[in-house]
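Okay, thanks everyone. Let me put the chain up on the screen, and then I'll walk you through the fold, the sheet pairing and the pocket.

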Amino acid sequence: MWGLLPMIIMLIVVISIPLLILWLIKELSRKQALNNAQQLSVEVQRLLKEPAGYTEITMKDRLWHSLRIIIIGFTIYLIVFIMGIVKNFVSDPALDLKTYFLDSLVVLAFIIVFVLKDLFKVAPWSEVYRVKAIPCFRTVKNTYVCYYDFVKEELAVGELPDTSSITSINTSQEGIFDVLVIARKHHLKLIDIIK
């Protein structure tokens with residue numbers, strides 16, 4: 001029993017160091033985005049703060065967002081499934097498809113969990129709003145947007161999810177577009193882009 005303790009501590013250290021580095025990088029990017037948000041022009045800030053710029057989404061918007069999430073999840077599963085079949089047929093022509101299909105259900109279960117997590121965000125009992133946003137910081141992989149948090153009554157920033165790149169963005173002349181945010185107790189949390 002006591003022989004396992006140093007191994008567990010070492011495992012925790014080995015796992016936590018990369019996670020800490022990733023968190024620090026995200027935090028620095030978020031702070032840079034927040035700094036850029038404070039430097040937006042007065043006109044853009046006014047457009048973001050306009051009360052007409054934030055409205056609760058309709059049931060149709062909730063359904064469209066839910067359908068989009070389900071399609072993305074299903075597409076990811078199909079890509080993984082087909083790539084696995086092709087790879088296995090190349091390396092092992094005697095592949096048992098029934099066994100492979102049953103094994104791939106584990107991947108499907110993980111995808112379903114993530115899809116359900118996103119679906120609950122836009123469920124009818126959630127307070128979800130459409131607000132105006134503008135890109136305020138980009139890294140190689142991520143895009144941070146600035147929006148007006150009408151709960152805290154200040155500018156806020158949020159990182160767009162990776163899947164938001166699939167959606168085409170309809171921007172205004174100022175580069176402003178609509179995003180979905182969910183109301184938490186003391187702030188708004190960015191969910192995704194909405195058309």
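So, which pattern does the chain follow when read along the sequence? It goes α-α-β-α-α-β-β-β-β-β. That comes to four helices and six strands, where helices (H or I, at least four residues) and strands (E, at least two) are DSSP runs, numbered from the N terminus.

Quick housekeeping. This is a predicted model, where local features need pLDDT of at least 70 and side-chain atom pairs count only at pLDDT 80 or more, while totals for chains, interfaces and linings use all residues. Residues are numbered from 1 along each chain as its sequence is written, and side-chain values use heavy atoms, with hydrogens and water left out.

On to the strands, which pair if DSSP finds at least two bridges between them. Strand 2 (residues 128-138) runs antiparallel to strand 1 (residues 55-56), joined by two bridges. Strand 2 also pairs with strand 5 (residues 177-183), again antiparallel, over six bridges. Have a look at Y129: it is the bridge partner of E56, and it stands opposite V181 in strand 5. Then there's strand 3, antiparallel to strand 2 with five bridges, and a hairpin of four residues joins the two. There, R138 stands opposite T143.

Now S29, in helix 1 (residues 4-38). Buried or exposed? S29 counts as buried, because its relative accessibility is 9%; the cut-offs are under 20% for buried, over 50% for exposed and partly exposed in between, with a 1.4 Å probe and protein chains only. Leaving out residues up to four places away in sequence, S29 touches F137, T139 and Y144, with contact meaning heavy atoms within 4.5 Å. Across the 195 residues of the chain, 34% count as buried.

Last, the largest pocket, with a volume of about 1,100 Å³. The volume is the space filled by probe spheres set on the points, which are joined across faces, edges and corners. Of the 43 lining residues, E159, L160, P161, K189 and L190 are the closest to the centre. Helix 1 gives the most to that lining, eight residues.

Definitions and conventions. 1 Å grid on protein atoms, 1.4 Å probe; cavity = no way out; pocket = protein on both sides within 12 Å on 5 of 7 lines; lining within 4 Å.
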